[in-house]
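Me: I would like to learn how to read strands, sheets and pockets in a model. Please take me through this one step by step.

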Amino acid sequence: MKVTVRDIAEKVGLSATSVSLVLNNKPSRITDESKQKIINAAKEMGYIHKEKRIPTKPVKEKILGIIHPNVNNLFLNQCICGIENYARIHNYKVLICNVEDTTERTLEYLELLTKLGTEGVIVIPPIDMNVEGNNTGLGEFFKKSKMQILLLDRAIDRVFCDFITSDNKQGAYLATEHLILCGHNNIGMITGTRDVYTSRKRVEGYKEALAYYNISIKNENIYYGDFKSSSGYEAADYFMKRNINAIFSCNDEMAFGVYHYAKDNGLVVGEDISIVGYDDVSICSKLTPPLTSIHQPGELMGKRACEMIIKRIKKIEEGTVRDIYFTPQLVERNSVKNVNIN
């Protein structure tokens, strides 16, 4: 015969409510002595406790995806930090997909994110996005996708969706102008691959500054690298052989390559070589000498990107696609020699 709570209550001389509270481990004012009495009686009588559970539906995770072209890029990592911090506040989990700067892997991860039920994806496009029809493939995926998609930092040719970046042309103008105002008129530029949006815009800013100050524009003074330190090293060698010792680097990573070249060749940055970087990542202030760089607010850009895509998902913000540009700033340190000072 099945033993009930009421049976135990009669045996110990307490109410059924008291017995139930103890056996279900609920808060009560029952003395420890009475609790032990109830537990002993339940064991003695062979009481089988069955916990009643209210069935619950599994909670679906809210997911945002990030296409990350290169995890070694310090500036883009700042953007990722801004995205993750804002997403966490709004209870979104973030999946970061490292595509190693290839459109092929980008499309593979976009397909995977779709299968996982991702609500939105922030895409920082790979450097090959605008070659061999890759932009067309990405554009076709974006059109058919049910996910909200936003481009961060780099645009894709003929692909139209929400886009957040800094004013790359203005930033390059400021960097070039700073070198000019410090008395340099033979200025080399290290940029990324020709087809990348940020490269093109920064080349435009560099040329515009030279033209404004009536300095001739020489295409041979523009060195196309790949945004990595090694291409900065190679560019420094290229420029020094041409007696160009004032350099604007389109990112800090390539500027670090110039520093390495200077060290290996017994040159002093800020004296023998003047260099302005771009991004103003945290290590710039720790170099010897500290690197003058163009600051763009990576973490804030990432936060704004996350904020916009969540608003699109929740339909708080609707309508035509938007372009948002952050204003870059020159952060002057000690890596540029002022040749105007005797």
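Predicted model: local features only at pLDDT ≥ 70, side-chain atom pairs only at ≥ 80, totals over all residues.

Me: How many bridges join S8 to S9?
Reply: Two strands pair if DSSP finds at least two bridges between them. Strands (E, at least two residues) and helices (H or I, at least four) are DSSP runs, numbered from the N terminus. Here 3 bridges join strand S8 (residues 246-249) to strand S9 (residues 274-279), and the two run parallel.

Me: In what order do the strands of that sheet stand?
Reply: The order is S7-S6-S8-S9-S10-S12, an open sheet of 6 strands with mixed pairing. At its edges are strand S7 (222-224) and strand S12 (329-331), each pairing on one side only. The twist averages 20° from one strand to the next. For angles, axes are lines fitted to C-alpha atoms, for helices over the stretch in contact, and the range is 0 to 180 degrees between N-to-C directions.

Me: What is the order in the sheet with parallel pairing?
Reply: Read S2-S1-S3-S4-S5-S11, an open sheet of 6 strands. Strand S2 (93-98) and strand S11 (323-326) are the edges; each has a single partner strand, so one side of each lacks a neighbour in the sheet. Here the twist averages 20° from one strand to the next.

Me: Which residues stand opposite Leu64?
Reply: Leu64 faces Val94 in S2, and its bridge partner in S3 is Gly120. S1 joins S2 by 6 bridges, running parallel. Strand S1 (residues 63-68) is joined to S3 by 4 bridges, also parallel.

Me: Which way do the residues of S3 point, and are they buried or exposed?
Reply: Buried means under 20% relative accessible area, exposed over 50%, partly exposed in between (1.4 Å probe, protein chains only). In strand S3 (residues 120-123), Gly120 and Ile122 point one way, Val121 and Val123 the other, and all are buried. S3 also pairs with strand S4 (residues 148-152), parallel, over 4 bridges. There, Ile122 has Leu150 as its bridge partner.

Me: What unit do S3, H6 and S4 make?
Reply: A crossover is right-handed if, with the strands pointing away from the viewer, the path from the first strand over the helix to the second runs clockwise. S3, helix H6 (residues 134-144) and S4 make a right-handed β-α-β unit.

Me: What lines the largest pocket?
Reply: Rolling a probe the size of a water molecule over the atoms shows where empty space is left. A pocket is an open set of points on a 1 Å grid over the protein atoms alone, where a 1.4 Å probe fits, with protein on both sides within 12 Å along at least five of seven lines; lining residues have an atom within 4 Å of a point. In this model, 19 residues line the largest pocket, and Gly139, Phe142, Lys143, Phe160 and Cys161 lie nearest its centre. H6 and S4 are the elements that give two or more residues to this lining. The largest share, 6 residues, comes from H6.

Note on methods
Residues numbered from 1 in each chain as written. Heavy atoms only, no water.
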